Amino acid sequence: MEQQTQTKWGQFIPLVTVFFFWGFVAASNDILIPVFKEAFHLTQSESQLVSIAFYVAYTVGSLIYMGISLLMGKDLINRIGYKNGLALGLVISAIGTLLFYPAANTGSFTLMLSGLFIVALGFSLQQTVANPLAIALGPISTGSQRLTLAGGINNFGTTIGPLIVSFAIFGASTSSTGSISIESVKILI
């Protein structure tokens, strides 16, 4: 028999905010491709490393998670908990984001890619934790509704993220040549 509990909105709302930002950041990566291509003088193939680095990190993150769980002999998330797992993922993503600033200052495409890769590693852990956490933050019978709402908010971030990032990078360009500087990426941090 299911306990009659209420959704923990005070915890669920910050969680869906994280869902929003996953969509926002993931969809905005494609906006960075032309900026990186011009700033780092990349070929089209090289510029696609932006998407590759980000999405390959999800697979690598999953493999790391599985490997750590196997080495521990126990599921990592069950050991550290949903909230701690989410916090750890956020810290990992924040570290990756912080790499954008020195990467822009030094003009290092490798450091930019490393930052994106680390951001996505954090996202991988966050997303592993967030779905079951969204279900656990209220009655099981309404868990799918909370997860659907979180997914809808993620899609909203996916929709408006590129618009906002485009405006922040391209709308901020005041040069008469229309060229975009890698310094524009620092605006987003």
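User: In this predicted model, are Phe54 and Tyr58 buried or exposed?
Analyst: A residue counts as buried under 20% relative accessible area and as exposed over 50%. Phe54 and Tyr58 both lie in helix α3, which covers residues 49-72. They sit four residues apart there, about one turn of the helix. As for the class asked about, Phe54 and Tyr58 are each buried.

User: What is the secondary structure of the chain, and how many helices does it have?
Analyst: Read along the sequence, the pattern is α-α-α-α-α-α-α-α-α. There are zero strands, and the number of helices is nine.

User: What percentage of the chain's residues count as buried?
Analyst: The chain has an accessible surface of about 10,100 Å², and carbon and sulfur atoms account for 66% of that surface. Burial is counted by residue instead, with under 20% relative accessible area as the limit. Of the 189 residues, the buried share is 41%.

User: How many aromatic pairs are there?
Analyst: Rings pair if their centres lie within 6.5 Å. By that rule, the count of aromatic pairs is 13.

User: What kind of aromatic pair do Phe19 and Trp22 form?
Analyst: The two ring centres are 4.6 Å apart, and the planes make an angle of 55 degrees. Planes under 30 degrees apart would count as stacked and those over 60 as edge-to-face, so the rest, this pair included, are called tilted.

User: Where do Phe19 and Trp22 lie?
Analyst: Phe19 and Trp22 are both buried. They are three residues apart, about one turn of the helix, and that helix is α1.

User: What kind of pair do the rings of Phe54 and Tyr58 form?
Analyst: Phe19 and Trp22, described above, lie in helix α1. For Phe54 and Tyr58, the ring centres are 5.8 Å apart and the planes stand at 65 degrees. The limit for the class is over 60 degrees, so this pair is edge-to-face.

User: Why does Asn29 count as buried?
Analyst: Asn29 is placed in helix α1. Leaving out residues up to four places away in sequence, Asn29 touches Val50, Phe54 and Leu116. Buried means under 20% relative accessible area, and Asn29 counts as buried because its relative accessibility is 1%.

User: With which residue does the side chain of Gln11 make a polar contact?
Analyst: Gln11 lies in helix α1 and is partly exposed, with a relative accessible area of 34%. Beyond its neighbours within four places in sequence, Gln11 is in contact with Lys83 and Leu137. The side-chain polar contact spans 3.3 Å, and the partner is Lys83.

User: What distance separates the C-alpha atoms of Gln11 and Ala134?
Analyst: Gln11 and Ala134 are 123 residues apart along the chain. Their C-alpha atoms, however, are separated by 9.1 Å.

User: Which residues make the nonpolar surface patch of about 310 Å²?
Analyst: One member, Ile13, is in helix α1, which runs over residues 9-39. The residues that make the patch are Trp9, Ile13 and Leu149.

User: What is the phi value of His41?
Analyst: Most residues other than glycine have a negative phi. His41 lies in the loop between α1 and α2, and it is exposed, with a relative accessible area of 71%. Its phi is positive although it is not glycine, and the value is near 55 degrees.

Notes:
Residues numbered from 1 in each chain as written. Predicted model: local features only at pLDDT ≥ 70, side-chain atom pairs only at ≥ 80, totals over all residues. Heavy atoms only, no water. Patch = residues over 30% accessible without salt bridge, like charges linked within 9 Å, V, L, I, M, F, W, Y side chains within 5 Å. Areas by Shrake-Rupley, 256 points an atom, 1.4 Å probe, with all protein chains shown as cover. Salt bridge = Lys/Arg side-chain N within 4 Å of Asp/Glu carboxyl O. Helix = DSSP H or I, 4+ residues; strand = E, 2+ residues; numbered from the N terminus. Buried < 20%, exposed > 50% of the residue type's maximum accessible area, 1.4 Å probe, protein only. Contact = heavy atoms within 4.5 Å. Polar contact = N/O pair within 3.5 Å; in protein donor to acceptor, adjacent residues only side chain to side chain. Phe/Tyr/Trp six-rings, centres within 6.5 Å; stacked < 30°, edge-to-face > 60°.
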